[in-house]
Amino acid sequence: MQDDDVYVGNAGKDAALDRGWLLGHFKEPDDPRHSTDVEIKWGVHPPGDERAHWVTGERRTALLVLISGRFRVELPGRSVLLEQQGDYVVWGRGVDHSWRAETESVVLTVRWPSVAGYRVPDPADRPAPADPSADPTAPADPSAPADPSAADG
């Protein structure tokens, strides 16, 4: 439900529509979930899911809370395993990081401020590499994965 100043939703359903993100600068300016002050993510991760690239040059502070599962946060010189519901880790500006879901996991992430520049593109968003020698009428490579996200691992 949404009116001018109120949005009522379900984190699981709404998160599935925007890569987990519920609130932040990336929402439309007239949406009550638009904010340049804070970002909130409801992350649902299958076992083995991991961030494609380390975040470097971090300009935000972050809080990550484990809702369910086992979730590992990698920090420079340190690996933090969140195992019990409510376990959390906080890191500040300038702290590079990455993460991996050791089991099916749900995590709530709060970051501030909300700034652009950290999104890892979806595999479907990435353009195919240009091959000037390719024949556009040739059949597709049968060994290529049918689902582009399967190639991201």
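Trainee: What should I know before we start?
Mentor: The model is predicted, so local features need pLDDT of at least 70 and side-chain atom pairs count only at pLDDT 80 or more, while totals for chains, interfaces and linings use all residues. Residues are numbered from 1 along each chain as its sequence is written, and side-chain values use heavy atoms, with hydrogens and water left out.

Trainee: How many aromatic pairs are there?
Mentor: Two. Rings of Phe, Tyr and Trp (its six-membered ring) pair if their centres lie within 6.5 Å; planes under 30 degrees apart are stacked, over 60 edge-to-face and the rest tilted. Trp21 and Phe26 make a tilted pair, 5.5 Å centre to centre with 55° between the planes.

Trainee: Is Trp21 buried or exposed?
Mentor: Buried, at 11% relative accessible area; buried means under 20%, exposed over 50% and partly exposed in between (1.4 Å probe, protein chains only). Phe26 is partly exposed at 30%.

Trainee: And which pair is stacked?
Mentor: Phe71 with Trp99, at 5.5 Å centre to centre and 25° between the planes. Both Phe71 and Trp99 are buried.

Trainee: New topic: what lies over the face of Tyr7?
Mentor: Arg33, at 3.9 Å from the ring centre. A charge counts as over a ring if NZ of Lys or CZ of Arg is within 6 Å of the ring centre and within 35 degrees of the ring normal.

Trainee: Which peptide bond is cis?
Mentor: The one from Trp112 to Pro113, with omega near -10°. Arg19 has a positive phi, near 55°. Most residues other than glycine have a negative phi, and most peptide bonds are trans.
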